[in-house]
Amino acid sequence: MTPPPPPMPVEVRYFAAAREGAGLTGERLDVPVGLTAGGLLALLAGRHPGLAPVLPGLRVAVNERFVPAEAALAAGDTVALIPPVSGG
Amino acid sequence: MAGVGSTGADPRSFEIVRAPIRADAVLARVRRPGCGAVVVFHGTVRARTGTRRVRYLEYEAYEPMALAQMAAVADAVCRTHGLEALACVHRVGRLEVGEDAMVVAVASPHRAAALAGVEAFIGRLKREVPIWKKEVFEGGAAWIGTPDDPQGERSTPTGAAP
């Protein structure tokens, strides 16, 4: 019997409306190996119900680059929740 | 590295600051002898959004990514429009009505490129650079661009930036 792979650590960062919705600026989480960016969003939405209104329009950046929802995460990734931006 | 005192400063420069922006310093970063056109754009805090009277704005940035995205957008815009220099300084924190939130300066040999280039850079910055503003108005507050803020400029909702 092969033991299940250990969970992988990721760093999550919340900004702007996502920060207010989650009620924190960031957290370290152990997530299942092979989890995608979209899968992480679903997991975070479950942990932080206050994120629900922010989910439409939310983009995800991994290690400071935008990624599509199907992108697989790797151990040690920094994942940022990017609500619609409004600089300038 | 900015080549202080060398032949021409770094043609691209990006900064996120908390203190008031000195526009003359941003302008100085792009001036160069080969460029007959320099455009300096100030994005300032408006007193009204629609019917709301603005008290102040709170800007927030994901700084390392914002600087990297500014550089990537500037590379593309400078290439497309033939700009020789581009500098952008964005301020974060609390800003009062009338203050500069952003100053962008571009330089090119002739004016058409500079005018079109500054508009192209700002247009992409507003979609691709992780900076946010929260408008605090009389009777409430809203993050501009979020689904519950119909007044804001909408961002590309999903997927990677083009």
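Mentor: Let's take chain B, which averages a pLDDT of 88, with 84% of the residues scoring at least 70; pLDDT is the predictor's own confidence in each residue, from 0 to 100. This is a predicted model: local features need pLDDT of at least 70, side-chain atom pairs count only at pLDDT 80 or more, and totals for chains, interfaces and linings use all residues. Residues are numbered from 1 along each chain as its sequence is written, while chains are lettered from A and ligands numbered from 1 in the order in which they are written. As for the overall scores, the model gets ipTM 0.93 and pTM 0.89.

Where pLDDT is low, the predicted coordinates should not be read in detail.

Now for the sheet. Chain B has an open sheet of four strands in the order 1-5-7-2, and the pairing is mixed. Strands (E, at least two residues) and helices (H or I, at least four) are DSSP runs, numbered from the N terminus, and two strands pair if DSSP finds at least two bridges between them. At the edges of this sheet you'll find strand 1 (12-17) and strand 2 (37-44) of chain B, each pairing on one side only. On average, neighbouring strands here are turned by 5° against each other, direction ignored (angles run from 0 to 180 degrees between N-to-C directions, with axes fitted to C-alpha atoms, for helices over the stretch in contact).

Strand 1 of chain B runs parallel to strand 5 (residues 85-91) of chain B, and six bridges join the two.

Helix 1 (residues 23-30) of chain B lies across strand 1, strand 2, strand 5 and strand 7 (100-108) of chain B, and runs at about 25° to strand 7 of chain B. Helix 2 (residues 63-81) of chain B lies across strand 1 and strand 5 of chain B, running at about 150° to strand 1 of chain B.

Helix 2 of chain B has a helix for a partner too. It packs with helix 3 (residues 111-128) of chain B at an angle of about 150°, the axes being 9 Å apart. Among the residues that meet there are Val73(B), Ala74(B) and Val77(B) from helix 2 of chain B, and Ala116(B), Gly117(B) and Ala120(B) from helix 3 of chain B. The contact also includes His81(B) in helix 2 of chain B, and Arg124(B) and Glu128(B) in helix 3 of chain B.

Strand 8 (residues 131-137) of chain B and strand 9 (residues 140-143) of chain B run antiparallel, joined by four bridges. Lys134(B) has Trp143(B) as its bridge partner in strand 9 of chain B. The hairpin has two residues between the strands, and Gly139(B) takes a positive phi near 95° in it.

Key
Two residues are in contact if their C-beta atoms, placed from the backbone, lie within 7 Å.
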